[in-house]
Amino acid sequence: MPQSYWHLTGNLWALALSTVIALFLPDFGPTERMDGGVGVVIRATMAVPVVFSLMYWTGRLIINLTEKLKKWWLMSIITAGIEQGIRDVAERRAKDMAKDIAKNMAEDIAKNMAKDMVEAEREEVKQFMRSKGVSDEDIDAFFRRVSDQD
């Protein structure tokens, strides 16, 4: 069964600690400088846990940073998509509102023009009737009857 990084690190630290204790105990410590192969092995035994721990924590840091970078990148893509969607909807609504406003304005203008034209034809009819000698009371009565028929 493979061991986790924590177990391996713990084992290496225990080995380094036991080596340090063995070096500094009077019965087991070296009496001279550690120059030969034994010194290299002892120094390597003491350095391995430190290097292994640094490598482990560097790997964990890289993994965490890349995960955060992936999340940030994904969220920036999602928010950019949402912003573009909102922009598209706003543009579509603005175009629809502009069409509705133009349609309403055109209807109002057409109604006003029709009213003006009807009023102008009425005025012409009144002028024509006056020129033929019809009294103003008869003209008003005529237009009331025509208005009631509508």
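A residue is called buried when its relative accessible area is under 20%, exposed when over 50%, and partly exposed in between, with a 1.4 Å probe and protein chains only. The model is a predicted one, in which local features need pLDDT of at least 70 and side-chain atom pairs count only at pLDDT 80 or more, while totals for chains, interfaces and linings use all residues. Residues are numbered from 1 along each chain as its sequence is written, and side-chain values use heavy atoms, leaving out hydrogens and water.

Let us begin with the fold. The chain has three helices and zero strands, in the order α-α-α from the N terminus; helices (H or I, at least four residues) and strands (E, at least two) are DSSP runs, numbered from the N terminus. Helix 2 covers residues 37–131 and includes Asp116.

With 54% relative accessibility, Asp116 counts as exposed. Together with Glu119, Glu121, Glu123 and Glu124, Asp116 forms a negative surface patch (patch residues have over 30% relative accessible area and no salt bridge, with like charges joined within 9 Å and nonpolar side chains within 5 Å; a salt bridge puts a side-chain nitrogen of Lys or Arg within 4 Å of a carboxyl oxygen of Asp or Glu).

Phe142 is partly exposed at 31% relative accessibility, whereas Phe143 is buried at 11%.

Definitions and conventions. Accessible areas come from the Shrake-Rupley method with a 1.4 Å probe; for residues, only the protein chains shown count as cover. Lys and Arg count as positive and Asp and Glu as negative; His and the chain ends are not counted. The place of a charge is taken as NZ of Lys, CZ of Arg, CG of Asp or CD of Glu.
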